[in-house]
Amino acid sequence: MDYQAYTLPNGIRILYKHAPFAITHCCFIVNAGSRDEGEHQEGLAHFIEHLLFKETERRSTNQILNRLELVGADLNAYTTKEYTCIHASLLNQHLERSMDLFEDILFHSTFPEDEQEKEKGVILDEIASYLDQPEEAIQDDFEELLFKGHPIGNNILGTTDSVGRMNGDDIRAFIRANYSTSEMIFAVHGNYDFKKIIKLSEKYFGGIAAHHPQKNRIAPQANQNGIHIVKKPISQTHCIIGNQAYSSSHQHKSGLLLLNNLLGGMGMSSRLNLEIREKYGIAYTIESNYTTLTDTGIFSIYFGTDAEKAEKASRLVHKELKKLRDQKLGTLQLHQAKEKFIGQIALAEENRMSLIISMAKSLLDFNHIDTLEDVFAKINAVTADQLLEISNEIFDIDKLITLNFEPK
């Protein structure tokens, strides 16, 4: 089997993928993110992720931070719209040490007030840092426009006001409402006997009390198209053009992933890069992205360029989108696009941490993990007619939202 899975009596699932190497990559994913925050709670899920590394019932902050670093391991975490993930990379013999720490910080953190106040300052600095990077800030502002009035549109970091008013009661209430043991996965990519993984999981996670709160996520509605211009003290124009897109379970997901890669994905040979950077030399960075969520998706094209070149760059982007709406890919074009994308996916498997996190998310969302062969088969099954249909739906000029950051 490509992977093995086991469910503890409390609902926590264990995922294991074998790898004959000396290094283990492991993660603990909770199906709780920024979209689960209540009104005026923007940034709470991310705030909790930060505070998990502070004091627990039996460890100080320094003991938490040193627990894995003292053996040369790497410990980190992140928050997304839908997940909170803690992950570590370590020598195989230190897996139990990692599991002990994960259990402690996830289920026994105390969230002391003094640590809360210190971490608020850290997060406010993080927010300020992003605001100083227009290529980062524009993505957050674009998603706010795309999902206006919906929690998915909120900035994962929150705002200065929302972060400032968070407290211990908010933290504990969010965890009670969203940290379901049946929506948690501990995943390991390493060189072990699966029986040992189960035994250790029962030791460290088996004693956690079962907790199954009802999650009530509401799918976003479509928003109106439009062009939005924001003046900022910057030297370049930054632009994002995009639309709501397909969810992670949509039948056309593989088609849009293929289309996105052809248009502005990885590498220098994407259509947007060849047309806008290589042919005309008017943008250093030009790319497209497609991100899936459980009930929607985000498609966007980003570029940054000198203010006097921005209008031409925008015209060229729309020219490429129109081609995809109007012209069906030829047999050779479609074959080459598939070969390129499949090769990139195969190479990405070399990043073992990204792989095990991706597998854990798939198990969390679908209770199933596609093999590479399954993924390739879905891509190869995409037809030119389907790509034309997808292009006319997602790249519809009457649905696209544009956001420009322009120099004052």
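User: What makes Asn-167 a cap of the N-terminal end of α7?

Analyst: A side-chain oxygen of Asn-167 lies 3.0 Å from the backbone nitrogen of Asp-169. A polar contact is a pair of N or O atoms within 3.5 Å; within protein, one must be able to donate a hydrogen and the other to accept it, and residues adjacent in sequence count only if both atoms are side-chain atoms. The model is predicted: local features need pLDDT of at least 70, side-chain atom pairs pLDDT 80 or more, while totals for chains, interfaces and linings use all residues. Numbering starts from 1 along each chain as its sequence is written, and side-chain values use heavy atoms, without hydrogens and water.

User: Why do the buried residues of α7 line one face of the helix?

Analyst: They are Gly-168, Ile-171, Phe-174 and Asn-178, with buried meaning under 20% relative accessible area, exposed over 50%, and partly exposed in between (1.4 Å probe, protein chains only). Seen down the axis of α7, they fall within an arc of 130°, so they line one face. The arc is taken over directions from the helix axis to the C-beta atoms. On the other side, Asp-169 and Arg-176 are exposed.

User: What covers the buried residues of α7?

Analyst: The cover includes α1 (44-51) and α4 (113-131). Contact means heavy atoms within 4.5 Å.

User: How do you know that β4 and β5 pair?

Analyst: Two strands pair if DSSP finds at least two bridges between them. Six bridges join β4 to β5 (residues 84-91), running antiparallel. Tyr-78 stands opposite Cys-85 in β5.

Methods:
Helix = DSSP H or I, 4+ residues; strand = E, 2+ residues; numbered from the N terminus.
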